[in-house]
Amino acid sequence: QVQLVESGGGLVQPGGSLRLSCAASGSIFSINFMGWYRQAPGKQRELVALITSGGGTPYADSVKGRFTISRDNAKNTVYLQMNSLKPEDTAVYYCHADIVLRLGVTGRYWGQGTQVTVSS
C-alpha cells in the first residue's frame, strides 16, 4: 500500500555533510508525520528528528544545531540535512511515517534503511 524509499547515505569524513531523502508513495490520503530514526550496532533504534503536519520538528538532543529536517508536501518527501557529522552519528538511518490511507485509517511505515558512516 505504502512504500518509503530512502536515499543519500554513504561514507563521509568527520565534519562533513550528507543529505538523506525519503519519498513516500502509494495509497496516501495525508501524512501525519515523517521523520528519521537511526540504529547503531549494538544499540537501540532512536529518534533523530520528525516533522509533523503542523510543522513541529522535534530533534534528538545529540543532533540539535547540526541536523535539519524539512519536507516537500507536494512530493511526499522528507529530507534530513546532516552537517558537522561525527563518528558517533554512524548508524543505519530509517525513514518512518504515520500515514492516513483514508478517513479513519492510518498506518505506520518504515523504510529499508540507509547506512551513514562517518570515518576518516
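Rings of Phe, Tyr and Trp (its six-membered ring) count as a pair if their centres lie within 6.5 Å; planes under 30 degrees apart are stacked, over 60 edge-to-face, and the rest tilted. With that rule, a search of the whole structure turns up two aromatic pairs.

Before you click on anything: this is a predicted model, where local features need pLDDT of at least 70 and side-chain atom pairs count only at pLDDT 80 or more, while totals for chains, interfaces and linings use all residues. Residues are numbered from 1 along each chain as its sequence is written, and side-chain values use heavy atoms, with hydrogens and water left out.

**Stop 1: the rings**

Select Tyr-37 and Trp-110. They make an edge-to-face pair, 5.2 Å centre to centre with 65° between the planes. Tyr-37 is in strand β4 and Trp-110 in strand β9 (residues 105-110), so you are looking at a link between distant parts of the chain, 73 residues apart. Strands here are DSSP runs (E, at least two residues; helices would be H or I, at least four), numbered from the N terminus.

With Tyr-37, Tyr-94 and Trp-110 on screen, you have a cluster linked by ring pairs.

Is Tyr-94 buried or exposed? Tyr-94 counts as buried because its relative accessibility is 15%, whereas Trp-110 is partly exposed, with a relative accessible area of 39%. The cut-offs are under 20% for buried, over 50% for exposed and in between for partly exposed (1.4 Å probe, protein chains only).

**Stop 2: charges over rings**

Keep Trp-110 and bring up Arg-45. The charged end of Arg-45 sits over the ring of Trp-110, 4.6 Å from its centre. The test is NZ of Lys or CZ of Arg within 6 Å of the ring centre and within 35 degrees of the ring normal. Then jump to Arg-19, whose charged end sits over the ring of Tyr-79, 4.1 Å from its centre.

**Stop 3: salt bridges**

How many salt bridges does a search of the whole structure find? It finds five, a salt bridge being a side-chain nitrogen of Lys or Arg within 4 Å of a carboxyl oxygen of Asp or Glu.

Start with Asp-89 and Arg-38, whose closest N and O atoms are 3.0 Å apart. Asp-89 is in the loop between β7 and β8, and Arg-38 is in β4, 51 residues away. Both Asp-89 and Arg-38 are buried.

Next, pick Asp-98 and Arg-108, which meet at 2.8 Å, N to O. Asp-98 lies in β8 and Arg-108 in β9, so the pair ties together parts that are ten residues apart in sequence. Asp-98 counts as buried at 8% relative accessibility, but Arg-108 is exposed at 56% relative accessible area.

One more: Lys-64 and Asp-61, with their closest N and O atoms 3.0 Å apart. Asp-61 is exposed, with a relative accessible area of 63%.

**Stop 4: the open sheet**

Switch to cartoon and colour β1, β3, β7 and β6. In that order, they form an open sheet of four strands with antiparallel pairing; strands pair if DSSP finds at least two bridges between them. β1 and β6 are the edge strands, each pairing on one side only, and the twist averages 15° from one strand to the next.

Walk across the sheet:

- β1 to β3: six bridges, antiparallel. Look for Gln-3, whose bridge partner in β3 is Ser-25.
- β3 to β7: six bridges, antiparallel. Leu-20 stands opposite Leu-80 in β7.
- β7 to β6: six bridges, antiparallel. Thr-68 has Gln-81 of β7 as its bridge partner.

**Stop 5: the nonpolar core**

Finish inside. A nonpolar core is a set of buried Ala, Val, Leu, Ile, Met, Phe, Trp, Tyr and Cys residues joined through side-chain atoms within 4.5 Å. The largest one here has 31 residues, and those with the most contacts inside it include Leu-4, Met-34, Trp-36 and Leu-80. Among the elements giving two or more residues to this core are β1 (2-7), β4 (30-39) and β10 (114-118). Which element gives the most? That is β8, with six residues.

Notes. Axes fitted to C-alpha atoms, helices over the stretch in contact; angles between N-to-C directions.
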